[in-house]
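Trainee: Please take me through this model, with a close look at one packing contact. Keep it step by step, and tell me what each value says.

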Amino acid sequence: MQVKVRELYMRDKVVKKLFTSFSGYQYLARIVCEVLDLPSELFSFQIFHPSVGVNENVVNSEVDLIIEDDEAIVNIEINTSNSRSIQNKNTAYFCHLILKQIKTSKDYDKVLKKVYQINLNTYGVTKDKRFIVQSKILDVKEHEEVHPMFEIYDINLAKILDKDYTIVRKDKESLEKLLYLLICNDKEKIDKVYDGDEFMAKIIREVKTQEDEFDKL
């Protein structure tokens, strides 16, 4: 069955450029902390080169955005289409991010960094089209995590628009409100949702700058 996919309001290239700007990185930090339930004061991630291929013969091994600290690696993917190709790429990415930590045989004895993948999708990945789907390897019988090397978070951005913007606006700290900017194409609603929020006003200005530069190119 063909899955209906909603277009991302901002081009994915603009989103990636936004996240790597100074203000946009602060915005990304808030999103990551909200998804992974991390205290914002402990956010110590740095942006790393997006090429994650562990073999020069591997194609399409450049992620959208990767951040890393001493304990974990987080890959952020922006997916505007749902296909087998996208699914296979996203699966391969976190495999690369585990393997790239092994440089010598001695590295197998060390504690590897946990890999988190956050997929910002314009569609749902489950039948019930949940907003957040968290995936990990579990024991089938006991439903306990036995291989805690990675976790995947699929965020259904289109689900945000199922809510009335007035409801989104009222929840000051929600992930839905943080991400509303990425999926809504109604400037009037965006202005109302973020009315009085100085931080998001700064992000909206940054988005406008990035879009203008993109259009010039």
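Mentor: Start with the overall size. This is a predicted model. Buried residues account for 43% of the 217. Now consider contacts between residues at least 6 apart in sequence. Of these, 61% join residues at least 24 apart.

Next, the elements. The chain holds seven helices and six strands. Read from the N terminus, the order is α-α-β-β-β-α-β-β-β-α-α-α-α.

Now the close look. Take helix α2, residues 22–36, and helix α5, residues 175–183. Two packed helices are described by two things: the angle between their axes and the distance between the axes. For α2 and α5 the angle is about 135°, and the axes are 10 Å apart. That makes α2 oblique to α5. Why not roughly antiparallel? That label needs an angle over 145 degrees. The crossing of α2 past α5 is left-handed.

Which residues meet there? From α2 come Tyr 27, Arg 30, Ile 31, Glu 34 and Val 35. From α5 come Leu 175, Leu 178, Leu 179, Leu 181 and Leu 182. Sort the residues of this contact by type: eight are nonpolar, none is polar and two are charged.

Stay with α5 for a moment. Nine of its nine residues are buried, so α5 is largely enclosed by the rest of the structure. Go through the names and you will find leucines: Leu 175, Leu 178, Leu 179, Leu 181 and Leu 182 are among the buried residues. The buried set also includes Glu 176, Lys 177, Tyr 180 and Ile 183. Glu 176 and Lys 177 are both on the buried list.

Go back to α2 and pick out Arg 30. Arg 30 sits in that helix. Arg 30 is partly exposed, because its relative accessible area of 42% falls between the cut-offs of 20% and 50%. Set aside residues up to four places away in sequence, and Arg 30 touches Leu 178 and Phe 199. Look at the pair Arg 30 and Leu 178. They are 148 residues apart in sequence, yet 8.1 Å apart in space, C-alpha to C-alpha.

Ser 23 is also in helix α2. Ser 23 is buried, with a relative accessible area of 11%. Leave out its neighbours within four places in sequence, and its contacts are Lys 202, Ile 203 and Glu 206.

Step past the end of α2. Asp 37 lies in the loop between α2 and β1, where β1 covers 46–48. Asp 37 is exposed, at 69% relative accessible area. Check its backbone too. Most residues other than glycine have a negative phi. Asp 37 is not a glycine, but its phi is positive, about 60°.

Lys 129 shows a positive phi too, near 55°, and is likewise a residue other than glycine. Find Lys 129 in the loop between β4 (114–121) and β5 (132–135). Lys 129 is partly exposed, with a relative accessible area of 34%.

Two more stops, away from the packed pair. First, another loop. Asp 70 is placed between β2 (65–68) and β3 (72–79). Asp 70 counts as exposed, at 74% relative accessibility. Asp 70 and Ser 44 are 26 residues apart along the chain, and their C-alpha atoms are separated by 8.4 Å.

Then a helix again. His 96 belongs to α3, residues 84–99. His 96 is buried, since its relative accessible area of 9% is under 20%. Beyond its neighbours within four places in sequence, His 96 is in contact with Val 52, Gly 53, Val 54, Val 58 and Ser 61.

Helix α2 is oblique to α5. The contact has eight nonpolar and two charged residues. And α5 is largely enclosed by the rest of the structure, with nine of its nine residues buried.

Methods: Residues numbered from 1 in each chain as written. Predicted model: local features only at pLDDT ≥ 70, side-chain atom pairs only at ≥ 80, totals over all residues. Heavy atoms only, no water. Axes fitted to C-alpha atoms, helices over the stretch in contact; angles between N-to-C directions. Helix = DSSP H or I, 4+ residues; strand = E, 2+ residues; numbered from the N terminus. Parallel < 35°, antiparallel > 145°, perpendicular 65-115°, else oblique. Left-handed = near helix turned anticlockwise from the far one by under 90°. Contact = heavy atoms within 4.5 Å. Nonpolar A, V, L, I, M, F, W, Y, C, P; charged D, E, K, R; others polar. Buried < 20%, exposed > 50% of the residue type's maximum accessible area, 1.4 Å probe, protein only.
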